[in-house]
Amino acid sequence: MAGNNEGKDSAEKTEMLYGYDEIMKRGLETFARKTQDICSEAVVLSYIVTNEAVMNALRDLVNRGGKFRLVVEIKEDNIAACKEIMKIADVRHLDGIMNNFTINEKYYFGHIMQEPNGKLTQAILSNSKKY
């Protein structure tokens, strides 16, 4: 864990996360908030839709009255995933997204997929107001 507290608010922290299991555990914990805003590369959308744990957490968020909003590059090869996610999310298109992150009223969660199987390998989780 790499803290970034700069003496202003000791409750604020930024952590580097490594390994799929730790990233998934901590990422899913952020879904307990009231809103989830995700900005995602097109390739990550199919991962979201096919990951049962992620979809269940997002459905739970919506069923609790929360909001799930997604900005993604909509392409021919991800139309089916877009239609599936639109059942629970407000989806918007943006060309050329080159980053993956989630924000809500408390956390910034940025993640990187480096493995060919699409599993998360590194992430940043922060409640710092700088994010």
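Which strand does S3 pair with over six bridges, and in which sense? Strand S2, residues 35–40, pairs with S3 in the parallel sense; pairing requires at least two bridges found by DSSP. Strands here are DSSP runs (E, at least two residues), and helices are runs of H or I of at least four, numbered from the N terminus.

Before I go on: this is a predicted model, where local features need pLDDT of at least 70 and side-chain atom pairs count only at pLDDT 80 or more, while totals for chains, interfaces and linings use all residues. Residues are numbered from 1 along each chain as its sequence is written, and side-chain values use heavy atoms, leaving out hydrogens and water.

Back to S3. Gln36 is opposite Phe68 of S3. S3 is also joined to strand S4, residues 90–93, by four bridges, and these two run parallel. Val91 in S4 is the bridge partner of Leu70.

The side chains of S3 alternate: Phe68, Leu70 and Val72 point to one face and are buried, meaning under 20% relative accessible area with a 1.4 Å probe, protein chains only.

Now the helices. H2 and H3 pack at about 80°, with axes 5 Å apart. The two are therefore roughly perpendicular, a label for angles of 65 to 115 degrees. Axes are lines fitted to C-alpha atoms over the stretch in contact, and angles run from 0 to 180 degrees between N-to-C directions.

Ile48 is in contact (heavy atoms within 4.5 Å) with Val54, Met55, Leu58 and Ile85, leaving aside neighbours within four places in sequence.

How values were computed. Parallel < 35°, antiparallel > 145°, perpendicular 65-115°, else oblique. Buried < 20%, exposed > 50% of the residue type's maximum accessible area, 1.4 Å probe, protein only.
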